[in-house]
Amino acid sequence: MLAAKDAMATIAVKDIATAKTFYGGILGLKPFGSESDGVILYRSGNSTIVVYQSQYAGTNKATSATWGVGEELEAIVQILKNAGVSFEHYDFPGLRREGDVHIAGDFRAAWFRDPEGNILHINSM
């Protein structure tokens with residue numbers, strides 16, 4: 001039923017102006033459509049990311065969105081660091097860390113938070 005349909009990430013924020021600066025400015029996502037009251041739609045590849053204003057923003061303790069960035073991972077980590085983004089460091093079984101990048105075999109990944117505390121993830125897939 002849903003296998004052939006596109007999915008989207010939906011990310012709650014308290015401050016839509018701060019979110020616009022982060023998602024549009026720092027992450028470089030492009031808004032599309034008209035911005036409605038408290039909702040911004042972004043394109044990311046063939047996917048849609050919905051950023052919306054909510055009193056429950058930042059309460060999710062798990063990853064909200066993931067981007068597979070392939071071989072560009074380390075370069076993107078450095079660009080984000082240069083823009084002031086701090087990276088999360090986790091002690092997951094089977095993963096070792098080199099700087100901000102977690103590694104398990106060919107898999108490389110990094111996690112960071114948006115201004116509301118939502119966890120975002122980039123990886124080498």
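A pocket is an open set of points on a 1 Å grid over the protein atoms alone, with protein on both sides within 12 Å along at least five of seven lines, and its lining residues have an atom within 4 Å of a point. The structure examined is a predicted model, in which local features need pLDDT of at least 70 and side-chain atom pairs count only at pLDDT 80 or more, while totals for chains, interfaces and linings use all residues. Residues are numbered from 1 along each chain as its sequence is written, and side-chain values use heavy atoms, with hydrogens and water left out.

The largest pocket holds about 240 Å³ of space, a volume being the space filled by probe spheres set on the grid points. Its lining includes Leu-27, Ser-44, Trp-67, Ile-79 and Phe-112.

Trp-67 is in contact (heavy atoms within 4.5 Å) with residues including Leu-29, Ile-49 and Asn-123, its neighbours within four places in sequence being left aside.

Phe-22 lies in helix H1 (residues 16–26). Phe-22 counts as buried because its relative accessible area is 5%, where buried means under 20%, exposed over 50% and partly exposed in between, with a 1.4 Å probe and protein chains only. The C-alpha atoms of Phe-22 and Val-85 are separated by 9.6 Å, although these residues are 63 apart along the chain.

Six salt bridges were found in the whole structure, each defined by a side-chain nitrogen of Lys or Arg within 4 Å of a carboxyl oxygen of Asp or Glu. One of them joins Lys-20 and Glu-35 at 2.8 Å, N to O. Another pairs Arg-108 with Glu-71, with the closest N and O atoms 4.0 Å apart. Arg-108 lies in strand S9 (residues 107–113) and Glu-71 in the loop between strand S5 (63–68) and H2, so the pair ties together parts 37 residues apart in sequence. Arg-108 is buried at 13% relative accessible area, whereas Glu-71 is exposed at 69%.

How values were computed: 1 Å grid on protein atoms, 1.4 Å probe; cavity = no way out; pocket = protein on both sides within 12 Å on 5 of 7 lines; lining within 4 Å. Helix = DSSP H or I, 4+ residues; strand = E, 2+ residues; numbered from the N terminus.
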